[in-house]
Amino acid sequence: LNPEIFALAEENNEFKKVIAEAQMRIIDGTYVFIIARLMGIHAQVRMQGVDLMQTLLDYASRERLRVMLIGGAPEIADRVVDCQKRVYPRLEITGLQGIKDVRNPSKQEEDHIFAIVADTKPHFVFVAFGSPYQELWIDKHKDQFEASVVMGVGGAFDFLSGAVPRAPKFMRSLGLEWLFRLVLQPWRIKRQL
């Protein structure tokens, strides 16, 4: 959960319902965490999605669990696989671009994905279509992933592939990663406003 997710949920009732019914909601945004605390809402920890994904990749490597990455820009999932295999040589990880136009996925693209899911039986599936598309897609196909932990990860593939640098740790701890990313990607201003 971050401010952008809340703004999208206010505009899209289907997305709002998916968020409300999610099995787990992670507070990613610093300001969501602060507001929750000020409102007396129990929020013990804030964890950015990319950090949680990295923690789960580490766990998967140690426990020899299978991981699947779906989505992102062309070839980004493959680049994440390459980068993470260098960090975790024992990691069983598969990357798929998945769907070219997530707003209008073809049956052929989805059948291809689910054939690979059925074949590899991943323990963890990370989907990077961006919000709200990834959450809506995961919810629509949750029966296909019944044996997997599935997480929408937004821009995490960009960071884990090395395509976009992360903000320095001090900026992340102050909740200013959004500002660092805005400087690198000024086109994000419209979304952030």
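Which residue of β4 is the bridge partner of Phe 126? In this predicted model, that partner is Met 151. Local features need pLDDT of at least 70 and side-chain atom pairs count only at pLDDT 80 or more, while totals for chains, interfaces and linings use all residues of the prediction. Residues are numbered from 1 along each chain as its sequence is written, and side-chain values use heavy atoms, with hydrogens and water left out.

Helices (H or I, at least four residues) and strands (E, at least two) are DSSP runs numbered from the N terminus, and two strands pair if DSSP finds at least two bridges between them. Strand β3 (residues 124-128) runs parallel to β4 and is joined to β4 by four bridges, including one from Phe 124 to Val 149.

Now for the helix pairs. Helix α1 (residues 3-11) and helix α2 (residues 13-21) have axes that come within 5 Å and cross at roughly 125°. The two are therefore oblique to each other, given that angles under 35 degrees count as roughly parallel, over 145 as roughly antiparallel, 65 to 115 as roughly perpendicular and the rest as oblique. On the α1 side the contact is made by Ile 5, Leu 8, Ala 9, Glu 10 and Glu 11, and on the α2 side by Asn 13, Phe 15, Lys 16 and Ile 19. By class, that gives five nonpolar, one polar and three charged residues; Ala, Val, Leu, Ile, Met, Phe, Trp, Tyr, Cys and Pro count as nonpolar, Asp, Glu, Lys and Arg as charged, and the others, Gly among them, as polar.

Helix α2 also packs against α7, at an angle of about 65° and with the axes 10 Å apart. That makes α2 roughly perpendicular to α7. Glu 14, Phe 15, Val 18 and Ile 19 of α2 meet Glu 135, Leu 136 and Asp 139 of α7, a set that divides into four nonpolar, no polar and three charged residues.

Most residues other than glycine have a negative phi, and most peptide bonds are trans. In the loop between β3 and α7 lies Pro 132, and the peptide bond from Ser 131 to Pro 132 is cis, with omega near 0°. Glu 75, in the loop between β1 and α5, has a positive phi of about 70° although it is not a glycine.

Note on methods:
Axes fitted to C-alpha atoms, helices over the stretch in contact; angles between N-to-C directions. Contact = heavy atoms within 4.5 Å.
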